[in-house]
Structures are given as C-alpha cells and as structure tokens.
Amino acid sequence: MSVKIRLARRGRRKMAIYDVVVADARAPRDGRFIEKIGSYNPNTNPASININNERALKWLLNGAQPTDTVKAMLSYRGVMLKKHLQIGVLKGAITQEVADAKFEAWLSEKDTKIAGKTEGITAAKADARKKAMDAETAKNQARLDAIKAREDEQKALLAAAEAANNPTPAQEAEASTEEAPAAEAPEATEGEDEAKA
C-alpha cells in the first residue's frame, strides 16, 4: 500500500481550506484518510500553514510520499530539512546536537523572515488605508467648497433681486427725478401738436 501526504479540500465555494492528510494513494481526494496532520488556508496573507511537524516527520521517515504542494509546505515549515538532518544522524554523518543546532538556527532565521513579511504587509495596508482616507477627505472638502460657492452665488443673486425689487430711499429719489422730465416732455409735444393744428 502506497501512502501519500496530500491535501483534502473543504470549505465553501471560492473560499477553499485544505486539510493536510496522510492517506492511501488509491483513496479519492476528499475520501478516507489515515490521519489528519494539519491544515492549510490560502485565503490569508501570508497563507496559514498549521502542520504537526512531529507527526509529519514520523510519516516521512516511515516512507510516506508528499505531493508537490505538500512538499513545498513541509519545506516552508522546516520538516524536510529536519528529515534531511535526521537521516544524517541515523547514518552517523553528524550528531544529534549539531543537527538540532542547525535546525534551530534555520528556524530563527525563517521566523525573522516571516515576521518581516507580516510587518511589511501590515504597513502596506495601513499606508493604503491612510492614502484612501486622505483622498476621501480631499474629495469631501472639494465637495463642501463647491456647495459653499453655490450657496454664496445664490445669496448674491437673491441680494441683487431684493435690491432691484426694494430700492433704497436714495435710489427712489434718483428714479423720481429721472421720471419727471420724461413725463413733462410728452405734455410739451401735445401742446405743440395743438399749435400746429
């Protein structure tokens, strides 16, 4: 019986989450499995990989074959390196203490890289949020300025209309002096018409 370490799909449509399972190679993808050793969620950034490293290492040392995707995840988590170092210990090439020291050094470096990536993503999100907020504030201010300009224009038009409808006493005096000569002129022309007749 050939044993594989592979992914089994679950989760809703277009939001898949995968279980990392040890299963018989003849079993269907989402069918029977021997043991569930972890989960993989590609929907987060960075992707969440939760694997029981000890159980995965035990199955690898017993001859289970990982699929390409699972092998990449196991390498990311350091299980493949640990297997490589453990085989070196079993062959007598290095001691267990040296293997553990190498693995701890690799693990600390990997954790630093992951933390740096997470901080970079968080900073990029915060920067994008700040830019969006600044753009929204500028847009709102421009809208408020346009509304204020429109209101000022309407007030000016209302004031001009009021001034035309309700003249001041000085304007009334000017208007009456202008109308008076115009009223006298037609009377004179009527008198001239009578004289001509």
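Me: At what angle do α2 and α4 pack?
Reply: Helices (H or I, at least four residues) and strands (E, at least two) are DSSP runs, numbered from the N terminus, and axes are lines fitted to C-alpha atoms, for helices over the stretch in contact, with angles from 0 to 180 degrees between N-to-C directions. Here α2 and helix α4 (residues 96-165) pack at about 105 degrees, their axes lying 10 Å apart. This is a predicted model, in which local features need pLDDT of at least 70 and side-chain atom pairs pLDDT 80 or more, while totals for chains, interfaces and linings use all residues. Residues are numbered from 1 along each chain as its sequence is written, and side-chain values use heavy atoms, leaving out hydrogens and water.

Me: Are α2 and α4 roughly parallel or roughly perpendicular?
Reply: Angles under 35 degrees count as roughly parallel, over 145 as roughly antiparallel, 65 to 115 as roughly perpendicular and the rest as oblique; α2 and α4 are therefore roughly perpendicular to each other.

Me: Which residues of α2 and α4 meet?
Reply: Contact means heavy atoms within 4.5 Å, and Ser-75, Tyr-76 and Arg-77 of α2 meet Trp-106, Lys-110 and Ile-114 of α4.

Me: In what order do the strands form the sheet?
Reply: Two strands pair if DSSP finds at least two bridges between them. Five strands form an open sheet, ordered β4-β3-β2-β1-β5, with mixed pairing, and its edge strands, β4 (48-51) and β5 (65-66), each pair on one side only. Within this sheet, β2 (residues 15-24) and β3 (residues 35-41) pair in the antiparallel sense over five bridges, and Val-21 has Lys-36 in β3 as its bridge partner.
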